[in-house]
Amino acid sequence: MEHNSSNFIKSIIKEDLETGKRDYVYTRFPPEPNGYLHIGHAKSIVINFGLADDFNGKTNLRFDDTNPLKEDTEFVEAIKEDVAWLGYEWDGLFFASDYFEEMYNRALLLIKKGKAYVDDLTADEIRQYRGTLTEPGKESPYRNRSIEENIDLFERMRKGEFGNGEKVLRAKIDMASPNINLRDPVLYRVSHATHHNTGDTWCIYPMYAFAHPLEDAIEGITHSLCTTEFEDQRPLYNWVIEECEMEHKPQQIEFGRLGITNTVMSKRKLKQLVDEKFVDGWDDPRMPTISGLRRKGYTPEAIREFVKHTGVSKGSGLVDEAMLEHFVREDLKLKAPRTMGILKPLKVVITNYPEGQVEMLDAEINPEVPEMGMRQIPFSREIYIEQEDFMEDPPKKYFRLFPGNEVRLKHAYFIKCEDVIKDEEGNIVEIHCTYDPETKSGTGFTGRKVKGTIHWVEASQAIPAEFRLYEPLILDKQDVEDEDEDSEEDVEEEKTFLDYVNENSLEVLQGFVEPNMKEVKAHDKFQFFRHGYFNVDPRHSTDEKIVFNRIVSLKSSFKL
Ligand code: ATP
Ligand code: MG
Ligand code: MG
């Protein structure tokens, strides 16, 4: 991954190998299966898999499934699909829940060493006792229980003798530590809930801060790469590794989260958009999820290139969505066949073209890639053009069709507008034109010039198509403020992003495409002349009607 060549994590790894601190590189991508992956996760995937690749190392896909209430097998499957689709192969596939027994035993070890105790305080009380940045915490009255009593209580927690929230296991570290994470953090909680993997085997579950370092150590991870919100937890991470006497000692390194303008990037918020039906599922093309981007028509190559160009640093990176769009345009420019589609049809009758005659015209599939060859498109007396390519009363500098004006039909002939046909209410229903056979495209006609070139589709053979055009889902730049859900603090709803949902994020148009599109398959991608890149929707297309999602329009002011 060439754009990673100067990133600071790579430098650390290089040094670790050179100094002999490590003799191999092992990373992991550790999603919690509580939602679908988004493009922020793609950054973590590219970094973890990419760095391991750079050093001939390995990468595990590990599901951090320590919270049975939020996790589901549906998410596990979706995450596997997305990682593979992005083009990465994991070495090991693991679940944090694979290690519950070992984690339990390590917790017992802490108790036996006097480093952990069972606390009866409520969650609220624990929070109050914890103190603040300026005030030291207060010790729990249960902090000095005997080791025997702690062992007994912890075993009974496991047996299910206590209800949710009645007891927790806490590390015994330092209630006066300037780092609040070290003020006797909770290691285990009671949760009588069915786990997607372990079913009802357990009713106590390890907290993320305890589980994660153990998972890394158990798997032999060398560099545990995570986002900067975990920086303050690093001392706790190291404490767990040390005090649990893990033989292998992974190193946590943090990098900045990726954010993108005009969207939200937190599974919790994305889930809310799904659950409250602002979108039609996790893979709605407006979602910043990997599956949404895939359905919209993004390619793995485009996503990977984008992510690499956002760089790896400690700072949170809020990136303009135009940058993401830039990379999909770049990727599709030479790959996508060109074609013509009419999004808002207006019938044109070419009055001097013989009735009943259809001729086939040749058109390049992609003029930038001649090897892609030619396609054939029919032309006849009746065609569709875009409504916006005709104006009865045009302003200056309108070079498209208007009464008396002549334009070029892409790949075909010059046509001249002779008449405007209206219904009783005065709506334009059809345009009458004449064509000039001398002006046929490809014949080298130079007799006169026209200023406008418009696209069209022959009417009798046109295939009905639905075009779905997307605008940003959220009209606000607020991603960097996504809070961390894993801190296991209560997430306060400081503002509701739902107030910024764009009501006009989807426009659905009924139009036509060229008849050679008959055989298209889900996920085929095209560049429609003047309209941009489109993807055949995998869910809504039918035999009667193809549904196209606009991936991105053609123009952009974005500069890399
Ligand atoms: P979310 O808040 O969206 O649920 P998360 O961090 O809770 O994100 P996890 O499933 O725990 O999601 O994420 C797996 C990995 O992906 C973690 O290492 C996390 O740091 C990383 N990650 C998540 N979001 C981003 C992001 N926006 N940019 C970079 N890495 C991210
Ligand atoms: Mg999370
Ligand atoms: Mg997380």
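**A walk through the chain**

Author: Happy to. Of the 560 residues in the protein chain, 41% count as buried. Here buried means that 20 or more other C-beta atoms lie within 10 Å of a residue's own, exposed means 12 or fewer, and partly exposed is in between, with C-beta atoms placed from the backbone. This is a predicted model, in which local features need pLDDT of at least 70 and side-chain atom pairs count only at pLDDT 80 or more, while totals for chains, interfaces and linings use all residues. Residues are numbered from 1 along each chain as its sequence is written, and chains are lettered from A and ligands numbered from 1 in the order in which they are written.

Reader: Good to know. How many helices and strands are in the protein chain?

Author: Twelve helices and 27 strands. They are DSSP runs numbered from the N terminus: H or I of at least four residues for helices, E of at least two for strands.

Reader: And what radius of gyration does the protein chain have?

Author: The protein chain has 31 Å, whereas a compact globule of 560 residues would have one near 24 Å. That radius is taken over C-alpha atoms, and the globule rule is 2.2 Å times the number of residues to the power 0.38. Along the principal axes, the C-alpha atoms fill a box of roughly 100 × 55 × 40 Å.

Reader: Which domains is the protein chain divided into?

Author: Domain 1 (2–255) and domain 2 (338–468 + 506–552). Their C-alpha centres lie 58 Å apart. The bounds come from an automatic or database domain assignment.

Reader: Let's talk about the ligand. Which residues are closest to ligand 1?

Author: Pro31, Gly40, Ser44, Thr227 and Lys267 are the closest of the 17 residues that surround ligand 1. A residue is near if its C-beta atom, placed from the backbone, lies within 6 Å of the molecule. Helix α2 gives the most, with four residues.

Reader: Now the inside. How many residues does the largest nonpolar core have?

Author: It has 94 residues, and Ile303 and Val457 have the most contacts inside it. Helix α2 supplies the largest share of this core, eight residues. Domain 1 and domain 2 each give at least three residues to this core. A core is a set of buried Ala, Val, Leu, Ile, Met, Phe, Trp, Tyr and Cys residues joined through C-beta atoms within 7 Å.

Reader: What is isoleucine 303 in contact with?

Author: Leaving aside neighbours within four places in sequence, isoleucine 303 is in contact with Ile39, Ala42, Leu86, Leu293 and Tyr298. Contact means C-beta atoms, placed from the backbone, within 7 Å. There is also a second, separate core of 39 residues, including Phe154 and Val190.

Reader: Switching topic: where does asparagine 56 lie?

Author: In the loop between α2 and β2 (58–63). Asparagine 56 counts as exposed because 8 other C-beta atoms lie within 10 Å. Asparagine 56 also has a positive phi of about 55°, although it is not a glycine. Most residues other than glycine have a negative phi.

Reader: And what is phi of histidine 523 near?

Author: Near 75°, a positive value in a residue other than glycine. Histidine 523 lies in the loop between β24 (506–513) and β25 (525–528). With 14 other C-beta atoms within 10 Å, histidine 523 is partly exposed.

How values were computed: Contact = placed C-beta atoms within 7 Å.
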